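Dear colleague,

I am passing on the structure below, together with notes on what was found in it. Please read the notes with the model open beside them.

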Amino acid sequence: MSEKVFLDELEKIGIKLDTKQINQFATYFQLLIEWNEKINLTSIVEKEQVYLKHFYDSLTIAKICNLDNQKLCDIGTGAGFPGIPLKIVFPNLKVTLVDSLGKRCTFLNEVIEKLNLEDIEVVNERAEVFSIENVEKYDIVTARAVAPLSQLLEIAICAVKINGIFIAMKTKNSDEILYLDNCLNKLSLTLNKKIEFLLPFECSNRLLISFKKNERTNKKYPRKYNLIKKNPL
């Protein structure tokens with residue numbers, strides 16, 4: 001996906017970039033490649049693939065929720081996906097990027113500085129710890145291909161406001177969603193919306209799943225990570 005095709009495909013989903021935003025994505029790509037030589041950020045380094053599988057893919061979250069003037073947390077953000085592309089395109093979005101690796105957080109802070117982004121912060125912390133320390137702070141919490149759904153929901157849901165949403169970004173239509181009833185009941189969640197689509201050109205499967213938080217999360221969740229992983233809800 002060239003820059004021109006990137007712009008054309010975004011317009012098809014209702015996103016039009018100005019010159020400043022186009023330049024921000026170009027700088028982001030350059031920083032990603034430079035830093036990837038020092039620390040492991042991504043195995044995808046070809047420009048057309050980065051624009052498709054990282055930039056465009058991150059922005060597809062606009063298909064499932066309103067992002068204007070919302071407070072969003074991106075857990076397990078890695079190299080900043082989807083949080084930084086969303087912040088570039090929706091400047092009124094208030095963003096928190098959470099990652100457990102200090103070196104990645106250093107990279108993210110440099111991207112934020114070089115792109116002159118405001119109302120965006122980086123937190124170096126494990127997601128389940130961050131969630132407990134930021135109860136009901138965010139309108140939207142999202143994660144992109146980080147862990148199985150039941151684990152993600154338990155880890156993240158504390159940080160979601162009542163009536164707020166958690167959005168999972170998955171790379172394929174998994175059977176996970178069929179076995180979530182117990183998890184949803186314990187966490188006071190309902191399945192809000194599900195959207196399946198194909199990425200342009202290569203036609204790989206994508207799945208966006210939105211869950212609504214109905215009540216305050218029981219204080220016993222999230223459990224310690226080893227329990228979450230060993231005995232998922």
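Leaving aside its neighbours within four places in sequence, Gln24 is in contact (heavy atoms within 4.5 Å) with Ile88, Leu115 and Leu117. This is a predicted model, in which local features need pLDDT of at least 70 and side-chain atom pairs count only at pLDDT 80 or more, while totals for chains, interfaces and linings use all residues. Residues are numbered from 1 along each chain as its sequence is written, and side-chain values use heavy atoms, with hydrogens and water left out.

Gln24 belongs to helix α2, which covers residues 19-36; helices (H or I, at least four residues) and strands (E, at least two) are DSSP runs, numbered from the N terminus. With a relative accessibility of 8%, Gln24 counts as buried, a term that stands for under 20% relative accessible area, whereas exposed stands for over 50% and partly exposed for what lies in between (1.4 Å probe, protein chains only).

Helix packing comes next. Two packed helices are described by the angle between their axes and the distance between the axes. The axes are lines fitted to C-alpha atoms, for helices over the stretch in contact, and the angles run from 0 to 180 degrees between N-to-C directions.

Helix α1 (residues 3-12) and helix α3 (residues 47-59) have axes that come within 10 Å and cross at roughly 20°. That angle makes α1 roughly parallel to α3, on a scale where angles under 35 degrees count as roughly parallel, over 145 as roughly antiparallel, 65 to 115 as roughly perpendicular and the rest as oblique. The crossing of α1 and α3 is right-handed; a crossing has this hand if the near helix is turned clockwise from the far one by less than a right angle, and is left-handed if anticlockwise. On the α1 side the residues are Glu3, Phe6, Glu9 and Leu10, and they meet Lys47, Tyr51, Phe55, Tyr56 and Leu59 in α3. By class, this contact of α1 with α3 has 6 nonpolar, no polar and 3 charged residues, where Ala, Val, Leu, Ile, Met, Phe, Trp, Tyr, Cys and Pro count as nonpolar, Asp, Glu, Lys and Arg as charged, and the others, Gly among them, as polar.

For α2 and α3, the axes come within 11 Å and cross at roughly 120°, which makes α2 oblique to α3. The crossing of α2 and α3 is right-handed. Phe25, Ala26, Tyr28, Phe29 and Leu32 of α2 make the contact with Lys47, Val50, Tyr51, Phe55 and Leu59 of α3, and by class the contact of α2 with α3 has 9 nonpolar, no polar and 1 charged residues.

The axes of α2 and helix α5 (residues 102-114) come within 10 Å and cross at roughly 150°, and α2 and α5 are therefore roughly antiparallel to each other. Here α2 passes α5 in a right-handed crossing. The contact is made by Thr27, Tyr28, Leu31, Leu32 and Trp35 of α2 together with Lys103, Thr106, Phe107, Glu110, Val111 and Lys114 of α5, and its classes are 6 nonpolar, 2 polar and 3 charged residues.

Turning to a strand, Thr96 lies in β2 (residues 94-99) and, at 3% relative accessibility, counts as buried. Not counting residues up to four places away in sequence, Thr96 touches Leu72, Cys73, Asp74, Glu121, Val123, Phe130 and Tyr138.

How many disulfides does the count come to? The count is 0 disulfides, a disulfide being a pair of cysteine sulfur atoms within 2.5 Å. The sulfur of Cys105 is 12 Å from the closest cysteine sulfur, that of Cys73, which is too far for a bond, and Cys105 is buried, with a relative accessible area of 5%. Likewise, the sulfur of Cys183 is 12 Å from its closest cysteine sulfur, in Cys158, again too far for a bond, and Cys183 counts as buried at 0% relative accessibility.

Finally, some notes on the backbone. Phe81 and Pro82 are joined by a cis peptide bond with omega about 10°, and Pro82 sits in the loop between β1 (71-75) and α4 (83-89). A cis peptide bond also joins Tyr221 and Pro222, with omega about 0°, and Pro222 sits in the loop between β7 (205-213) and α9 (225-230). Asn163, although not a glycine, has a positive phi of about 75°; Asn163 is in strand β5 (residues 160-170) and counts as exposed at 53% relative accessibility.
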